[in-house]
Amino acid sequence: LRDNRIELVRASWHELSISVSDVSLSDEGQYTCSLFTMPVKTSKAFLTVLGVPEKPQITGFTSPVMEGERMQLTCKTSGSKPAADIRWFKNDKEVKDVKYIKEEDATRKTFTVSSTLDFLADRSDDGAVVSCRVDHESLNSTPQIAMQVLEIHYTPLVKIISSNSWPEEGQSIILTCESKGKPVPEPVLWTKDGGELPDPERMVVNGRVLSISFLNKTDNGTYRCEAKNPIGRNSTEYVLIVHDVFNTLLPTTVIPSLTTATVTTNVALTASTTTSATATSIRDPNALAGQTGPDHALIGGIVAVVVFVTLCSIILLGRYLARHKGTYLTNEAKGAEDAPDADTAIINAEGSQVNAEEKKEYFI
């Protein structure tokens with residue numbers, strides 16, 4: 001071996017060592033060590049030289065890319081021996097559906113390897129990092145990587161967010177129009193039912209925010225938010241329905257005025273009918289809707305009328321019995337208690353008996 005890159009490292013009767021610097025593919029081949037004895041003894045070994053792949057490059061990318069366009073990115077590396085392996089990743093997630101091509105170089109000792117990634121540009125790919133990784137046994141588990149950051153332009157994506165899910169009359173509401181696009185969308189345009197906002201004093205637009213104060217029924221309608229950029233425009237709608245103010249009314253107790261009236265059978269029937277009507281019109285506020293049951297007010301009214309009529313009857317009967325209580329004697333009977341016979345009694349009744357005791361009656 002006669003080469004300046006080959007150096008004798010050790011020479012003895014037992015060992016002969018050489019080193020080769022700046023190894024190239026031409027150094028690949030069979031090496032023979034000979035011991036000049038009688039007879040000559042030899043030992044052979046085959047040296048394999050690996051071709052280190054060049055750093056990969058990504059081609060085919062143009063910036064920016066419009067949403068919906070087809071992208072073809074190609075990753076290529078040369079000088080690998082044996083042929084290197086190429087893998088694609090998008091945000092650290094491997095992409096499997098790729099095209100792989102392997103070609104021999106002019107020296108027919110190394111290979112040029114390329115791989116193509118084909119996909120449609122989507123707004124979700126904006127800002128994504130696409131990487132091409134080359135793996136080869138000569139790289140000692142440290143792959144070579146080429147990266148490309150995607151820039152996708154797309155029309156605005158519009159969304160309306162409401163601050164009040166149940167707007168009522170007299171309240172306020174704030175509608176926020178969120179628009180996301182690339183390039184950044186221009187200031188949004190607010191409209192109501194296809195026209196301009198009807199009440200600028202209550203409907204104030206500040207950037208992407210629409211504020212409506214003192215809501216009323218005339219504010220009902222469809223509000224549209226439109227955003228645009230150089231790529232295109234987009235819009236969304238929000239239907240506003242203003243609800244009536246919900247008031248919880250407390251139950252009202254009506255106390256009728258007291259009047260003096262003569263209680264008769266007709267009056268009792270009238271009172272019973274009035275009580276029934278009143279009981280029917282006033283319902284228990286705590287009762288559930290659609291739930292039916294006995295009308296306690298009607299029953300109470302009837303019981304009260306019956307008790308009242310009974311008391312009046314007892315009073316009238318008592319007064320009648322009291323006025324007819326006592327002992328009553330006829331003129332013919334006066335002095336009859338002391339008379340021995342009927343004739344004497346008649347004489348005494350005419351007033352002839354002086355000592356007859358007169359009966360008296362006292363009223364309490």
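Biologist: Which residues does UniProt list for "transmembrane region"?

Modeller: The unreviewed UniProt entry lists residues 297–317. Such annotations may be inferred rather than shown by experiment, and positions follow the numbering used here. This is a predicted model, where local features need pLDDT of at least 70, side-chain atom pairs count only at pLDDT 80 or more, and totals for chains, interfaces and linings use all residues. Residues are numbered from 1 along each chain as its sequence is written, and side-chain values use heavy atoms, without hydrogens and water.

Biologist: Is Val307 buried, exposed or partly exposed, and why?

Modeller: Buried means under 20% relative accessible area, exposed over 50%, partly exposed in between (1.4 Å probe, protein chains only). Val307 has 44%, so it is partly exposed. Val307 sits in helix α2 (residues 296–323).

Biologist: Now Thr112. Where is it, and is it buried or exposed?

Modeller: Thr112 lies in strand β11 (residues 111–120). Thr112 counts as buried because its relative accessibility is 15%.

Biologist: Which side chain makes a polar contact with the side chain of Thr112?

Modeller: A polar contact is a pair of N or O atoms within 3.5 Å; within protein, one must be able to donate a hydrogen and the other to accept it, and residues adjacent in sequence count only if both atoms are side-chain atoms. Here the partner is the side chain of Asp105, at 2.5 Å.

Biologist: How many helices and strands does the protein chain have?

Modeller: The protein chain has 3 helices and 20 strands. Of its 364 residues, 24% are buried.

Methods:
Helices (H or I, at least four residues) and strands (E, at least two) are DSSP runs, numbered from the N terminus.
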